[in-house]
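Here's a quick briefing to read with the model open beside you. Take it slowly and find each part as you go.

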Amino acid sequence: MADVRQIVIDIISDIAPDEDVSNLDDAKSLREQLDLDSMDFLDIVMELRKRHKVEVPQEDYPKLATLASCVSYLSPKFATV
Amino acid sequence: MKYDAIVIGAGMSGLAAGIRLAMFDKKVLILEKHSIPGGLNSYYQRRNFDKGGVRQFDVGLHALTNFIKKGEKGKPFSKLLKQLRLSYDDFKLCPQTHSKILFPGVELKFSNDFELLLSEISEKFPSEMDHFLKLTDKVRSFNELDLSIPYSSSRAVLKEFIKDDLLIEMILCPLLIYGSAWEDDMDFAQFVIMFKSLYFEGFGRPEGGVRTILSLLMKKINDLNADLRFKTAVSKILINDSGEAFGVVANGEEFYAPVILSSIGYPETVRLTPGMTTTPRIGAMTFMESIFILDKKIPIDQNDSTIIFYNNSNKYAYRPANHFFDSSSAVICFPDNYESLNQDGEGTVRLTFMANYSQWRELDKSSYDSMKNKVGESSLQLIKTLVPKFDGKVLFQDIFSPMTIERYTWHLNGTVYGSIDKSRDGRTPFKNLFIIGTDQGFLGIVGSMLSGISMANLHGLMGANEI
């Protein structure tokens, strides 16, 4: 079983290397805690595709708002990879 | 040959777009007509007759706008760094000392600390201070990145806030000459981009000038194995019967891709399509630049500004010169005046005048050369007026005209800020063909790179072209 939470954090720390990702609150929106804009969310999606062959259609981008929602939305996709 | 995307032009926007696409495994082809990258922000060399060897000169870039300190977040420059995965330190940015807007009897200094401009305005235009603060509130809250905003006149907005016409002219002067394709005015969305990038954020200079930026971009292009071809001019954009672009012809060879991003200008792009069903207007603004190498630097007690925006009357005329070039206003750039000041060695001054393309085009070779000499004399005269005590000598001078710009950038009529018909969302009448760079409408070097990035994201990565 892939550690989806860690996968997302790894991607964020690669696309926003100056951000401190060590104390993130899973229930709070990522945008509130980090300096991420819509361009960065696109990069999270693109990296998921590039590294893990996981596709996130544009209408589902809002489901990546918090770490908890990332885990619940992405976990089934990782299970079928 | 088939690609996932074709980018026309290897300037700042084309390289940035190419990097974004290649970063996510798109097979990208970048086609550049010139033998070197950079487009409007490039470099050239001249043989040095007295000492031998060559001298290298930057063109375009006077300063990098959108200056931020290391670690500042949520700004255009920090977005650019993240999107291209570059580090702040790679740019080796030196902040400006300050710059100034110099009109008869009044000057306004500004620096990378917005407080300086505020204190200058409160001292020199005390009755306008509240008005100016209200204007800055409007600018701050305006979303200039919204791609659907229609044109609105900046002068009209400024008049709603500011009562003193002189202050309006002074605020507009640097913003117009650093970015406006329109005569005497600019689109308010572009005004906001420029206001933020010059007055809120300010200027810096990469240690090695424009070549520092280009080599960073070229290294990324090479590391990502993007296919970049120089001396490869696109002669035709291929459009099928349904009005969809599907490829280009370059050097007699056909290349195919489902997405084509063109950075060569909107009118210039349309000219490569069959039938030319649309005709974006060519802007009228073009410029001259004189570059002087001096045997010593101008001492900082004689001039400590990085850039001077000079105008000799209370009204700023931003329009083509009546007679070849207009010496009543100028931008004078002192590339030696950045915070890491080194007072030794040769000095450099670059001076820009507005010009008139159609008059320069009519000159034969000898009148062209003598007119260029007149530009040089007027430029030196103005430098002497600004630093009357300076006793250094000119070791070398070079002057370029609207014809030079047209010849090396292929921008019709030597325009620098492109067409007055922008395509803010990049779309053209042809499906799959998109405009990036100057004619998409983000300004400055940081703006042009962000243009390439955002159009590549929107039309190349998110697949918005399929909607």
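In this predicted model, the C-alpha centres of domain 1 of chain B and domain 2 of chain B sit 30 Å apart. The domain bounds come from an automatic or database domain assignment. Local features need pLDDT of at least 70, side-chain atom pairs count only at pLDDT 80 or more, and totals for chains, interfaces and linings use all residues. Residues are numbered from 1 along each chain as its sequence is written, while chains are lettered from A and ligands numbered from 1 in the order in which they are written.

**Domains of chain B**
- Chain B is assigned domain 1 (5–61 + 209–281 + 421–460), domain 2 (97–201) and domain 3 (284–409).
- Eight residues of domain 1 of chain B are in contact with seven residues of domain 2 of chain B (contact: C-beta atoms, placed from the backbone, lie within 7 Å).
- On the domain 1 side, you'll find three nonpolar, three polar and two charged residues (nonpolar: Ala, Val, Leu, Ile, Met, Phe, Trp, Tyr, Cys and Pro; charged: Asp, Glu, Lys and Arg; polar: the others, Gly among them).

**Chain A**
- Chain A has four helices and zero strands (DSSP runs numbered from the N terminus: helices are H or I with at least four residues, strands are E with at least two).
- Its radius of gyration is 12 Å, close to the 12 Å from the globule rule for 81 residues, so chain A is as compact as a globular protein of that length (the radius is taken over C-alpha atoms, and the rule is 2.2 Å times the number of residues to the power 0.38).
- Along the principal axes, the C-alpha atoms of chain A fill a box of roughly 30 × 25 × 20 Å.
- Buried residues make up 25% of the 81 residues in chain A (buried: 20 or more other C-beta atoms lie within 10 Å of the residue's own, with C-beta atoms placed from the backbone).

**Where the chains meet**
- Chain B and chain A each bring eleven residues to the contact.
- Helix H2 (76–84) and helix H13 (444–461) of chain B each supply at least two residues of chain B's side, and H2(B) gives the most, with three.

**A closer look at H2(B)**
- Eight of the nine residues of H2(B) are buried, so this helix is largely enclosed by the rest of the structure.
- Among those buried residues are B:Phe77, B:Leu80 and B:Leu84.
- Their cover includes helix H1 (4–15) and helix H3 (38–52) of chain A.
- Just after H2(B), B:Arg85 takes a positive phi of about 55°.

Note on methods
Two residues are in contact if their C-beta atoms, placed from the backbone, lie within 7 Å. A residue is buried if 20 or more other C-beta atoms lie within 10 Å of its own, exposed if 12 or fewer, and partly exposed in between; C-beta atoms are placed from the backbone.
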